[in-house]
Amino acid sequence: MPTVNRLVACFFCGLLSFAFCLTVGRAEMKEKMTPLLLKVEDAPVPFVGSDGRVHLVYELWTTNFSSADITVEKVEVLGDGKVLASLDAAAIAGRLQAAGRRTSAGKLAGSVQALLFLHVSLGEGATIPQRLIHRVTIHANAAPPGQQVMTENGGEVAVNRRAVALIGAPLRGEGYVSADSCCDASRHTRAALPIDGRVWLAQRYAVDWEQMNAEGRIYSGPQEKLESYTIFGKPVVAVTDAVVVSVIDGFPEQTPGKYPTNIGVDEADGNSVILDLGEGRYATYAHMKTGSIKVHKGESVKGGQVIGLVGNSGNSVAPHLHFQVTAGASSLASNGLPYEIRDFRIVGRTAGTAAFDEAEEKGTPLAVSAIAPAQQVKGALPLDQLVVSFAAQ
């Protein structure tokens with residue numbers, strides 16, 4: 001058979017049964033099957049976290065282009081040729097989510113697409129890489145015995161060096177908890193949503209701000225009473241000079257302690273405000289108190305100006321302020337962007353998301369490891385499960 005026909009036959013053989021008939025006519029043609037397709041849709045934007053390190057947060061899209069299971073055994077993130085991060089099978093199994101699922105697994109069924117949620121933390125003084133590529137070791141069940149374990153390189157992308165917004169805090173006062181903030185354990189970071197024909201991650205860097213009282217409780221009193229919650233009714237402020245591009249008000253307050261049902265996409269944020277921060281960056285404030293919003297669409301606001309109060313409207317289980325910055329004026333159909341808060345103090349760290357969820361559910365004191373003296377932070381994104389204080393702007 002001529003070489004071209006042999007290649008064509010091999011191609012269709014691979015599509016139909018994944019038999020890996022890879023023989024080609026000339027030695028210099030080293031083509032090989034890559035059953036796991038890799039790509040990065042949204043390049044990471046480097047930002048400084050509250051730990052003083054530079055972080056890269058993004059998603060590696062993986063597609064199993066075979067008829068049987070693929071197990072992802074190892075992933076290495078290379079920056080300009082150097083290994084920046086390495087994930088073993090256990091780490092991968094906690095980060096790989098099939099399309100439309102919120103649970104993770106290290107195995108992809110045949111013909112399935114999944115997102116691998118990646119977080120690279122660079123060492124102090126490390127150079128930010130210009131390009132990233134991913135070296136992935138897999139076990140492909142559809143391959144012949146002896147050829148099932150293979151290593152692929154893919155998902156090459158240039159790091160996005162756009163400027164990160166430097167802003168003020170959205171709240172004032174003490175005892176605020178950065179629940180579900182960036183990066184690894186955050187439910188926001190993995191909230192991929194199919195909106196208007198594509199997948200968006202508007203909440204990639206979102207945070208739910210809660211507040212503890214002097215006893216370390218999220219609420220004190222009847223759980224179903226809004227006024228029991230320390231944060232309820234607290235002023236919400238503009239993070240910088242901006243223009244109001246969206247105001248939604250009039251949604252009722254939800255009863256704390258249980259998630260509302262039958263909430264549509266257009267109701268998820270509840271009473272909300274979106275500010276245009278300039279340079280293609282937008283700040284969303286969600287779940288605000290009914291009737292409390294003090295600004296109007298098209299109005300210019302000053303940094304530190306009160307724009308409303310914290311509430312419990314929309315898709316919310318307890319009063320809190322959901323805050324995020326995105327690359328578009330939609331709170332859902334846009335991609336999240338990192339930001340850095342100009343000035344705040346870290347006074348403690350919680351025992352983690354599970355401990356926070358229990359304290360929010362039961363009203364018990366939240367276990368916090370105090371940081372004394374308080375850590376003064378300037379120009380950084382508050383990472384997950386910190387207890388912080390914000391000065392008046």
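**Disulfide, sheet, cores and pocket of a predicted model**

Both C182 and C183 are buried (under 20% relative accessible area, with exposed meaning over 50% and partly exposed in between, for a 1.4 Å probe and protein chains only). The model is predicted, so that local features need pLDDT of at least 70 and side-chain atom pairs count only at pLDDT 80 or more, while totals for chains, interfaces and linings use all residues. Residues are numbered from 1 along each chain as its sequence is written, and side-chain values use heavy atoms, with hydrogens and water left out.

C182 and C183 are joined by a disulfide with an S to S distance of 1.9 Å; a disulfide is a pair of cysteine sulfur atoms within 2.5 Å. One disulfide is found in a search of the whole structure. The link of C182 and C183 is right-handed, with 95° about the S-S bond. The peptide bond from C182 to C183 is cis, and its omega is near 25°. C183 lies in the loop between β12 (173-179) and β13; strands (E, at least two residues) and helices (H or I, at least four residues) are DSSP runs numbered from the N terminus.

Ten strands form an open sheet with antiparallel pairing, in the order β20-β17-β18-β19-β22-β15-β12-β26-β24-β25. Two strands pair if DSSP finds at least two bridges between them. At the edges are β20 (300-301) and β25, each of which pairs on one side only. Strand β24 (residues 344-350) is antiparallel to strand β25 (residues 368-377), with six bridges. Across this pair, F344 stands opposite V377, and R349 has S369 as its bridge partner. β24 also runs antiparallel to strand β26 (residues 386-390), to which four bridges join it; here G348 stands opposite V387. Within strand β25 lies P373, and the peptide bond between A372 and P373 is cis, with omega about -5°.

D196, in the loop between β13 and β14 (198-200), has phi near 50°. D196 is exposed, with a relative accessible area of 74%. N262, in the loop between β17 (242-248) and β18 (271-278), has a phi of about 60°. N262 is likewise exposed, at 75% relative accessibility.

The largest nonpolar core has 46 residues, of which Y285 and F323 touch the most other members. A nonpolar core is a set of buried Ala, Val, Leu, Ile, Met, Phe, Trp, Tyr and Cys residues joined through side-chain atoms within 4.5 Å. A second, separate core has 30 residues, including L36, A85, A114 and A140.

The largest pocket holds about 970 Å³ of space. A pocket is an open set of points on a 1 Å grid over the protein atoms alone, where a 1.4 Å probe fits and protein lies on both sides within 12 Å along at least five of seven lines; lining residues have an atom within 4 Å of a point. The lining comprises 35 residues, and H188, Q203, D208, Y259 and N315 are the closest to the pocket centre. Among the elements that each supply at least two lining residues are β15 (207-211), β19 (281-288) and β22 (321-326). Helix α3 gives the most, with four residues.

Conventions
Points joined across faces, edges and corners; volume = space filled by probe spheres on them.
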